[in-house]
Amino acid sequence: MGVIDKVARAAPVAEVLPLDEIVIGDCIQAMRALPARSVDMIFADPPYNLQLGGELFRPDGSHVDAVTDDWDKFDSLKHYDAFTRAWLVEAHRVLKDDGTIWVIGSYHNIFRVGAAVQDLGYWILNDIVWRKANPMPNFKGTRFTNAHETLIWASKGERARYTFNYRSMKTLNDELQMRSDWEFPICGGPERLKRDGAKIHPTQKPEALLYRVLLACTKPGDVVLDPFFGTGTTGAVAKRLGRRWIGIEREPDYCAAAAERIAAALPLDESALATMQSPRAAPKVAFGVLVENGYLTPGAVLSDAKRRWRAKVRADGSLLSDCGQVGSIHKLGASLQGAPACNGWTFWHHEAEGALRPIDSLRQTYLLATQP
């Protein structure tokens, strides 16, 4: 009997999963009420225990809206470690044997979380570095700018089977193997939820990050649990990608914002959800990155400049032509023309302001928006 199995269960267990619902309350107690081996994937964005030690101000005297909420404060590292182990124990219990868990954190907490993950019998598959394209500067100039966060991806054990949509990840990355360093901007613009001009949640994650995680490790219809639901990024992306979700959150204001956000999220149609199942130089931006970041939505229709061929964008960045062929922007363009190669960036066009424009224009827009 392992460490996980020795933990006593006192809470009554629900017979029916609260699918596509937000459970308001403590994450540990709420998970204890879920049936064992009932969810396919867990995405956890736990408190970072930042220990900022005071307010943070920019050189011009303006206040930095950092994490100062009570939910991120712990009396000691010992208390934080006990909390971490408690929720990871419950996560292990509710995770299916072929499920995986993702945990994101900063240098303040991720090493302590990683040690607990290994101590409790999980098997780490990868650590992913999220490189922030536009990180917050180090205003004091006393240390390197914190420009990344780390994600741990783990299965339930060394020999556990798990879902990894390798082909979709390769297609998303323009036919190159997806690496473990991912670059996304921090959450901003219209995606950042605000009330009266202030951020509703200080650490809201970009939807593009969750899009890649869910596309990599789940299938349509899978159940995704987020025990630190916040403003519902996981739920919104899960709904778009045809996954079921369960959110647990103790802060009523976050729950209200999440519910409103998810209600407005539009699910993708069935053909757009289908992803590549079969098997140059990469451009500076992969086509899949534009899809992840909403520059083109799954289901959007592309065509060549003369409108001879049409293709629908799918969730992993592959294209489905009207004649049923599937491929990347480059391979499908070459196949339709009977050519040995094709530059998909200039071949495929999208409708914008009543005219056809090459999708390379979207790539340039993305670069202008994200490069320093």
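Start by selecting Glu353, which sits in the loop that joins strand S15 (349–352) to strand S16 (355–358). You are looking at a predicted model, so every stop on this tour is a computed one.

Stay on Glu353 for a moment. Is this residue buried or exposed? Glu353 is exposed, because its relative accessible area is 78%, and the cut-off for that word is over 50%. Now look at the backbone: the phi of Glu353 is near 55 degrees, a positive value in a residue that is not glycine. Most residues other than glycine have a negative phi.

Next, select Arg307. Where does Arg307 lie? You will find Arg307 in the loop between strand S11 (301–303) and strand S12 (310–313). Here, too, phi is positive in a residue other than glycine: the value for Arg307 is near 60 degrees.

Which element supplies the largest share of the lining? That is H12, with 3 residues.

Finally, colour the lining of the second largest pocket by residue class: 13 of its residues are nonpolar, 7 are polar and 4 are charged.

Conventions: Residues numbered from 1 in each chain as written. Predicted model: local features only at pLDDT ≥ 70, side-chain atom pairs only at ≥ 80, totals over all residues. Heavy atoms only, no water. Helix = DSSP H or I, 4+ residues; strand = E, 2+ residues; numbered from the N terminus. Buried < 20%, exposed > 50% of the residue type's maximum accessible area, 1.4 Å probe, protein only. Nonpolar A, V, L, I, M, F, W, Y, C, P; charged D, E, K, R; others polar.
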